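Here are my notes on this one, in the order I'd look at things. Have the viewer open while you read.

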Amino acid sequence: MKVLRMIENNVNERYVDEIVSALNDGGIVVLPTDSLYALVCDAMNNQAIERICRIKMMKSAKTNLSIVCSDISMASKYGKIDNNLYKLIKHNLPGSFTFLIEATSKLPKAFKGRRVVGVRIVDNEIIKRVVEEIGHPLFSTSVEGADEDYVCEPELIAQTYGRDVEYVVDAGRSGYIPSTVVDCTGDEPEVVRQGLSEFEL
């Protein structure tokens, strides 16, 4: 495991290349988001997704799975976004949201049989550059720890996940409030978890 120190307003492109290479090889990386740090992998790599699920002791068949996209255009390839939903998402961005939307058939085996996928378009230049460089979504799930410091401090996150990941990106202490989850699969959008950002219709 290697720690890469990088700040959002000065993204190190050499580090981005290292991270993307690791992800293309099925690796797992801890990246900053606009809320919590997250464990991420290539969303097209089913084995890497299952590896993260084992690390977090998640049952992939019974857990909502989320992807990070670079923009709404990318998200529309993996989730069904009509004009109204496009406007709704665009109106609330930038912001720390996970939008639950109807999934398309382009996601890998770990998502098969699911009608819903969580979609994030993260307002953080580091993870955004990684997604842009790899060219398709990342699978993402928030880190967990014994207390707030182990969720927010990269050095402590590295202690927790050091044996399980290839890289931890240290972008400084994060916040501890997760994204706001909005279910967009019904007749009207519904906030199912109030998090960092306020949702507006």
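1. Ground rules. This is a predicted model, with local features needing pLDDT of at least 70 and side-chain atom pairs counting only at pLDDT 80 or more, while totals for chains, interfaces and linings use all residues. Residues are numbered from 1 along each chain as its sequence is written, and side-chain values use heavy atoms, with hydrogens and water left out.

2. Helices (H or I, at least four residues) and strands (E, at least two) are DSSP runs, numbered from the N terminus. Angles run from 0 to 180 degrees between N-to-C directions, and the axes are lines fitted to C-alpha atoms, for helices over the stretch in contact (heavy atoms within 4.5 Å).

3. Helix 5 itself. It covers residues 125-134, and its buried residues include Ile126, Val130 and Ile134; buried means under 20% relative accessible area with a 1.4 Å probe, protein chains only. Just after the helix, Gly135 has a positive phi of about 90°.

4. Strand 9 (residues 180-183) pairs with strand 10 in the antiparallel sense over three bridges, and Val181 stands opposite Arg193.

5. Aromatics. The whole structure has three aromatic pairs (ring centres within 6.5 Å; planes over 60 degrees apart count as edge-to-face). Phe97 and Phe199 are edge-to-face, 6.2 Å centre to centre with 75° between the planes. Phe97 is in strand 5 (97-102) and Phe199 in the segment after strand 10 (190-193), so this pair ties together parts 102 residues apart in sequence. Both phenylalanines, Phe97 and Phe199, are buried. Phe111 and Phe139 are edge-to-face as well, at 6.4 Å and 80°. Ring pairs also link Phe97, Phe99 and Phe199 into a cluster.

6. Ala103. This residue sits in the loop between strand 5 and strand 6 and is buried, at 12% relative accessible area. Beyond neighbours within four places in sequence, its contacts include Tyr78, Gly79 and Arg114.

How values were computed. Phe/Tyr/Trp six-rings, centres within 6.5 Å; stacked < 30°, edge-to-face > 60°. Buried < 20%, exposed > 50% of the residue type's maximum accessible area, 1.4 Å probe, protein only. Pairing = 2+ DSSP bridges.
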